[in-house]
Amino acid sequence: MKLNKHIATGLLAGALVLPSLTSCSDFLEETLTTEQNTDYFNTNEGVESLMTGLYYNLRFHFSFEWGFSTTNYGTDEFIVGGDGSNAMWNSYISSLSSDVPAVNINTTHAYDVWDNMYTGIANANLLIDKCENGYTGSMKDEALGTAHFMRGFNYFKLVCQYGGVPLKLTPSTTVEREFTRATAQEVIDQVLTDLEEAYRLLPSTEVVEGQLTKSAAAHFLAKAYLWRASEINDAWNSSTKTADLDNVVKYASEVISQHPLASNYRDLWAFTAPDGDNEKLSEIVLAAQFTANDATQGRYGNEMHLYFLNIYRDLLGMARDISGGREYQRLRTTYYTYNVFNHLNDSRLWKSFRTKFNCTLAATPGTQDTYYAGDRGLMFILNQPGDNRFPAEWNVETVKDGDSEKLVPNVFVTYPQGTTADTHVLESDTYLKYYAPCGKYFDGSRPTVSQEGGYRDGILARSAEDYFFLAEAYIRKGDYAKAVEYLNPLRERAQWKAGEDRESYIDGGAAWNENALGWSVFTAVAGKGTFCDRSTYYESNNLPMGSLNAQASDLRITDISSVASLPAEDQAVCQKLNLSSPYDVALCFLLNEKTREMCGEFVRWEDLARTQTLVARAKAFNKDAAPNIQSYHSLRPIPQTYLDIIQKDGHALTSEEKKAQQNPGY
C-alpha cells in the first residue's frame, strides 16, 4: 500500500494551519479552510492525520517551475531553452532580486521557496507540540520523527538557498510580526538537531511505501554535515569540520549498506506505470509520492516532465503526442553536459538523454523519402569536434538513421563541419528550441498530452548520492585513494556490459502503454508515437550499427589528484578552469562525475554554491550567466514580502533595517 493513498485525509488536517502564501509570513497567520477547527488536533486521530499530511510538503519540489529554476538554472549543466519565463534565475540579471518581476504566471518569485518551506515548518511545529502535549496513541515516535525530519529538511533547504533565516520552533497562537534572521551557523545547528532526532525516532524500514525511515534521515544528515564543512562556511566552520566529515562517513555508509544501487542505470528512469516496480527500487531512499488518483493529487502534481523537453511539434513529420510530452522547453542542455561524458564508454549519456524521435504524422509528400508514422523523424547527433561527416547546413538529404538507412527529415548535429571545441552551434539563438532533452522525467502515463500534473514519484534522495558524500568527505580529508573507492562503483555501473545493446533506450514516455513500447493513440493518425527505443549511439560515434554490443567497457579510475591521471573529458574541464592542486582537481572530478550521474536531479546549484565553484563554472560553461554572475549569487535574495511585513519594536522596518536583513549584493 502506498503512502499517498492516505495523504488526502492528512491534507484536510494540514489545510487548517496553512497560511496565506501572499505574505511570506508562514508563521504569522492561520486560516480555517474546512468545517473542522484546530481542536481536531487535540485528538489522536487528528495528530496522526496531521503527520500524514506533512508528506504533502515534499511534493512542492516537483510541482512547478521553482523546482528547476532554483536548482538547475544558473549552473554549468543547463541554460534557457525557447521559453524564458524564468531566465533571470539562469542569467543573474538585475531582476533576480528580492522582488522578482513576473514575466508571466510561470515566473518563480523570490518568496516561493521561502513561503512553502515555512508552511511545512509551521505544520511540523504544530505536530511536535501536539505530540508532546496530549497525544496518547501508539504512533508517537513516528509522528515526532516525521515532524522533526520535515522541520529539519525545510530549514536545510532554506539555509542552502538563503543562508541565515528566522528560526521559528513553536506554533503560533497569535499574529507575530517581529523576527530577525538567525545566522547560517545557528540554522544548520538546528537542522542537525532535528535530523538527529528524526534518525533516533523513525522506523528502520518502511511499513507503507514512501514512509520516512532512518535512512532518509541519515541521507540528509550526511548532506547537512557536508554542507557545514563546505567552503561557503569557511568563515566559521573550522572547529567542526573534522567531526562533520566523520559524520558524513558514518551516515552515508549506513545508507549505502541499506539501499543497494540499481543494477542498471536505466532502471531508474524506465518509468513503466504509476506506482510500478520502477518506483520501488532499493536505490531510492526518499521520494515525494504521486499517484494516478487525481482525487489525492491536491494542488501539486509532478510537473517536471514539462520542462526539459525540446520543441518537436513544429518539425517536418512531427506532431505533439503523449509519449513526446508537452514541450515547455525551459532547460536547454549545455555543451559542458554533453562533453563531460565519455561518449563511447559511458552508458549514462545514452540512458539520460533522448536522441531519437519517431514521426507521428502520415506520409509526407514532396521529400526525397516518404515518411510514415513510426519512421525516424528527429535525431540529435552527439558527436565530437573534428567530425566532418555533417555539413554546416544539414537537411533530409544528408543524414540517415542507421537502423533503416532511411534519410531523416530533422537532424541536429553538435559539431558539424568547420566547427571546433569552442563552437557551440546548438547554444545559438537559432537552435534555442532544439536540443537533446534530459529523458529522466518523461511521463507518458498522463491521460492527455495537455495535462500538466504528472504521476511519477519525485526522487528526493537515492543512495548513489551517498557515494558522492563519502567520496567528497575523503577528498576533504586528503585521502584521494579512499575517495576513488566510492566513485568506482558508480562508474562500474555506468560501463557497458558485455552483450548489452548500446543503442537501446527507454524512458517514461512509453509508460502509458505497458504492452507495446512506442505505440500511442494519436488523434489525427493512429500509429507509432514519438517515443523511440533507440539512441544515436552508433551514428554519433561513427561506428557500424551493433559493432560494440558484444564488448564491455571500462570506466574505472585509479587516481583523481592530478590532471594527467584523469580521463580526457575531465582534463579538458580542469584546463578550462585552470585547476592544478590535488584538492581542486579531485573536487573538479567529483563535480564532473556528479553531472554524469545526477544531471538534472535538482542538486546542482546548491552543490556549486556550497563548494564555491558556482561562479567559475557558470562563467566557463553558461553563456547567459557568464557576464553577470558574482560571488554574492551563492545566496538568494531575502524576499521583499518578508521584509515588508515584519516589524521591529512595533513599527515597520526602515530602509536601513531592511538592508541589514538582506543578503549582500541584493
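Okay, let's start with the lining of the largest pocket: its residues split into 14 nonpolar, seven polar and six charged. For that count, Ala, Val, Leu, Ile, Met, Phe, Trp, Tyr, Cys and Pro are nonpolar, Asp, Glu, Lys and Arg are charged, and the others, Gly among them, are polar.

Before I go on, this is a predicted model, with local features needing pLDDT of at least 70 and side-chain atom pairs counting only at pLDDT 80 or more, while totals for chains, interfaces and linings use all residues. Residues are numbered from 1 along each chain as its sequence is written, and side-chain values use heavy atoms, with hydrogens and water left out.

Back to that pocket. About 580 Å³ of space lies in it, and 27 residues line it, with Tyr 335, Asn 339, Tyr 415, Ala 421 and Ala 572 nearest its centre. A pocket here is an open set of points on a 1 Å grid over the protein atoms alone, with protein on both sides within 12 Å along at least five of seven lines; a cavity is a set where a 1.4 Å probe fits but cannot get out, and lining residues have an atom within 4 Å of a point. Points are joined across faces, edges and corners, and a volume is the space filled by probe spheres set on them.

Which elements give two or more residues to the pocket lining? They are α11 (335–339), α16 (568–577) and α19 (614–621), and α16 has the largest share, five residues. Helices are DSSP runs of H or I with at least four residues, strands are runs of E with at least two, and both are numbered from the N terminus.

Now the closed spaces. There are six cavities of 30 Å³ or more. The largest holds about 330 Å³, and of its 23 lining residues, Phe 153, Lys 157, Lys 223, Leu 460 and Phe 602 are closest to the centre. Elements giving two or more residues to that lining are α4 (66–69), α7 (140–162), α9 (214–228) and β9 (458–462), with β9 giving the largest share, four residues. By class, you get 13 nonpolar, four polar and six charged.

The second largest cavity holds about 210 Å³. It has 19 lining residues, and nearest its centre are Tyr 441, Arg 456, Asp 457, Gly 458 and Ile 459. That lining has nine nonpolar, four polar and six charged residues.

α8 (184–201) has 18 residues and reaches 26 Å from first C-alpha to last, close to the expected 26 Å; the expected span is 1.5 Å times one less than the number of residues. Its buried residues (under 20% relative accessible area, 1.4 Å probe, protein chains only) include Val 187, Gln 190, Asp 194 and Tyr 199. Among what covers them are α7, α9 and α10 (241–258).

Asp 244, Asn 247 and Tyr 251 are among its buried residues, and the buried set packs against α8, α9, β2 (284–288), α13 (463–477) and α14 (480–494).

Beyond neighbours within four places in sequence, Ser 85 is in contact (heavy atoms within 4.5 Å) with residues including Glu 65, Val 103 and Arg 330.

How values were computed. Buried < 20%, exposed > 50% of the residue type's maximum accessible area, 1.4 Å probe, protein only.
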